Amino acid sequence: MEKKSEELLAFSVRVFTLKEEEEEEEEHMETPEEEVEVQEEVSTQQLLSVCRERGAEQVLTLLLSPGEEAQQLTVQDVNRALVFRLTVSKEMDCCQVGGQSFMVTVGNQSLLLQFKTTTDMKSFKRLLKRGDDAETGKGAQRGNKDAEGGQTRLRQTEDGPAQGYQFHSCLSQHQNLLQDSPRITTYQRFMLLNERDFRNKVVLDVSCGSGILSFFAVQAGATRVYAVESSPMAKYTKILVQNNCPSEHIRLLEGKLEEVSCPDMVDIIVSEPMGYMLLNLKLMESFLHAKKWLKPNGLMFPSYGDIHLAPFSDDQLYFEHYGRASFWQQRSFYGVNLSALHSATVDEFFRQPIVDSFDVQILMARSVKHCINFMEAKEEDLQRMEIPFVFTLMQSGLVHGLAFWFDVAYAGSKSTVWLSTAPTEPLTRWYQVRCLLQTPLFAKLGQTLSGRVLLTANNRQSYDINITAIVDQSGFRSVNVLDLSNPFFRTPFW
């Protein structure tokens with residue numbers, strides 16, 4: 001359990017070391033007591049000051065020192081001898097692994113901290129976030145979770161949220177992605193059905209992750225695949241490539257797509273650029289940016305996408321979401337009246353899109369769709385998208401908001417294969433997204449609900465969602481503005 005000793009917070013842990021080179025790992029297994037020099041340039045902040053392995057059999061002590069400027073992580077053995085020390089900073093990639101472990105990565109050195117109990121791990125993660133806020137001295141967002149990332153956001157910078165970067169670097173999360181059978185089956189089936197499109201072709205895999213699309217492209221006959229990956233996952237992708245196919249078939253390009261240089265013009269671009277509501281995390285922009293390397297008459301997969309929206313009625317969801325703010329109705333919380341903030345809290349909660357799944361019976365009308373042709377679209381087209389709608393209601397009741405999902409098409413020369421996240425289809429990691437109206441609208445069977453959804457790109461790697469809805473026959477109107485970068489996950493993370 002967590003203890004305090006001279007302002008140090010102590011935890012019992014086992015430490016496992018992951019390195020890029022297997023030979024190097026074996027060497028240190030033979031001599032676990034020797035000091036290990038960091039094999040890369042260390043920044044002026046000296047992220048790793050010393051690292052000496054003791055082996056995973058010992059229970060070590062992890063000390064967390066808050067510090068005014070930066071937190072220090074120190075691991076000691078039973079004799080209080082230093083094993084390693086590092087400074088928490090934005091250069092350090094970290095994430096939860098399973099229920100009792102936490103992985104930190106600096107450069108090419110990854111350390112898996114296995115805590116004695118789940119409670120210890122949660123306490124450590126909570127305290128680590130506090131240190132992150134103290135270091136920045138700014139309003140870095142804490143405690144928010146991204147299911148698309150499936151982990152806690154530790155830091156947000158001007159370059160965009162870090163949770164997507166951290167999420168895509170964790171093997172446990174990539175395992176979850178690979179176990180999403182509807183998406184994996186769709187990708188492989190499409191490529192093998194359209195083998196003639198890939199045979200003897202050069203392919204670019206944008207944000208390749210584990211490289212699964214690259215492997216499928218080779219299976220379909222591609223002679224060369226350039227796989228681009230900017231996250232620390234790239235080192236694991238390299239291992240998979242080395243163990244599955246000759247290097248001349250798949251070449252890994254490490255770095256951001258906008259910064260790497262592709263050696264050749266390509267015949268095909270493949271990627272999985274979809275986020276919640278298709279556009280969250282703005283991965284689609286990199287997908288479109290990659291067209292600068294696409295040959296004339298080249299192909300892009302996915303080829304186009306449809307964003308669907310439909311009005312829904314769900315009393316339980318509405319009151320459940322509204323009830324989340326009931327904490328702030330207390331008039332004597334340890335002698336403090338919190339009720340003055342209740343209204344502001346309700347407003348904040350209703351700005352959160354809700355990620356979950358639902359029964360199609362709650363939908364009150366047929367969906368309207370907005371189509372994006374990725375072959376024709378430009379990056380600037382994604383900065384602002386307006387989706388007008390007119391729904392003819394198929395039932396009477398309260399319209400509590402709009403539900404969103406998307407479909408993407410892989411249009412090959414022989415066959416077109418669809419991947420759908422509709423509520424009528426098998427559940428995927430994207431679920432569906434619902435945006436509540438703070439003021440529901442009553443409408444009758446046969447009446448029309450009209451308005452628009454305006455999606456505006458923001459600086460948080462996502463979109464602001466502006467909804468205006470009007471019941472034409474009564475003139476009743478409701479509006480809401482939501483932040484897609486800050487969703488509420490009503491369902492367990494994928």
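Visitor: Which residues does S286 touch, not counting residues up to four places away in sequence?
Guide: S286 touches V206, L257 and E258, where contact means heavy atoms within 4.5 Å. Before we go on: this is a predicted model, where local features need pLDDT of at least 70 and side-chain atom pairs count only at pLDDT 80 or more, while totals for chains, interfaces and linings use all residues. Residues are numbered from 1 along each chain as its sequence is written, and side-chain values use heavy atoms, with hydrogens and water left out.

Visitor: OK. Where is S286, and is it buried or exposed?
Guide: S286 sits in helix 9. Its relative accessibility is 17%, so S286 counts as buried (buried is under 20% relative accessible area, exposed over 50%, partly exposed in between, with a 1.4 Å probe and protein chains only). Helices here are DSSP runs of H or I with at least four residues, strands are E runs of at least two, and both are numbered from the N terminus.

Visitor: And L288, what is it in contact with?
Guide: L288 is also placed in helix 9, residues 283–289. Leaving aside neighbours within four places in sequence, L288 contacts M300, F374, A377, K378, E379 and L382. Take E379 from that list: L288 and E379 are 91 residues apart in sequence, yet 6.1 Å apart in space, C-alpha to C-alpha. L288 has 5% relative accessibility, so it counts as buried.

Visitor: Zooming out, how many helices and strands does the chain have?
Guide: There are 11 helices and 29 strands. Of the 494 residues in the chain, 52% are buried. As for contacts between residues at least 6 apart in sequence, 68% join residues at least 24 apart.

Visitor: What does the accessible surface come to?
Guide: About 22900 Å², with 48% of that belonging to carbon and sulfur atoms. The areas come from the Shrake-Rupley method with a 1.4 Å probe, and for residues only the protein chains shown count as cover.

Visitor: Helix packing next. At what angle do helix 5 and helix 7 cross?
Guide: Roughly 25°, with the axes of helix 5 (residues 181–193) and helix 7 (residues 212–219) coming within 9 Å. The axes are lines fitted to C-alpha atoms, over the stretch in contact for helices, and angles run from 0 to 180 degrees between N-to-C directions. Helix 5 and helix 7 are therefore roughly parallel to each other; the cut-offs are under 35 degrees for roughly parallel, over 145 for roughly antiparallel, 65 to 115 for roughly perpendicular, and oblique for the rest.

Visitor: Which residues make that contact between helix 5 and helix 7?
Guide: From helix 5 you have I184, Y187, Q188, M191 and L192, and from helix 7 I212, L213, F216, A217 and Q219. By class, that contact has 8 nonpolar residues, 2 polar and no charged. Here Ala, Val, Leu, Ile, Met, Phe, Trp, Tyr, Cys and Pro count as nonpolar, Asp, Glu, Lys and Arg as charged, and the others, Gly among them, as polar.

Visitor: What about helix 10 and helix 11, at what angle do they pack?
Guide: Helix 10 (residues 315–323) and helix 11 (residues 342–350) pack at about 130°, with their axes 9 Å apart. They are therefore oblique to each other. Y318, H321 and Y322 of helix 10 meet H342, V346, F349 and F350 of helix 11. That contact has 5 nonpolar and 2 polar residues, with no charged ones.

Visitor: What is phi of Y431 near, and where does Y431 lie?
Guide: Phi of Y431 is near 50°, a positive value in a residue other than glycine. Y431 lies in the loop between strand 24 (416–420) and strand 25 (432–443). It is buried, at a relative accessible area of 5%.

Visitor: And Q461: buried, exposed or partly exposed?
Guide: Partly exposed, with a relative accessible area of 28%. Q461 also has a positive phi, about 60°, although it is not a glycine. Its loop runs between strand 26 (448–457) and strand 27 (463–471).

Visitor: Last one: what is T421 in contact with?
Guide: Leaving aside neighbours within four places in sequence, W405, F406, D407, T428, W430, Y431 and Q432. T421 is in the loop between strand 24 and strand 25, and at 2% relative accessibility it counts as buried.
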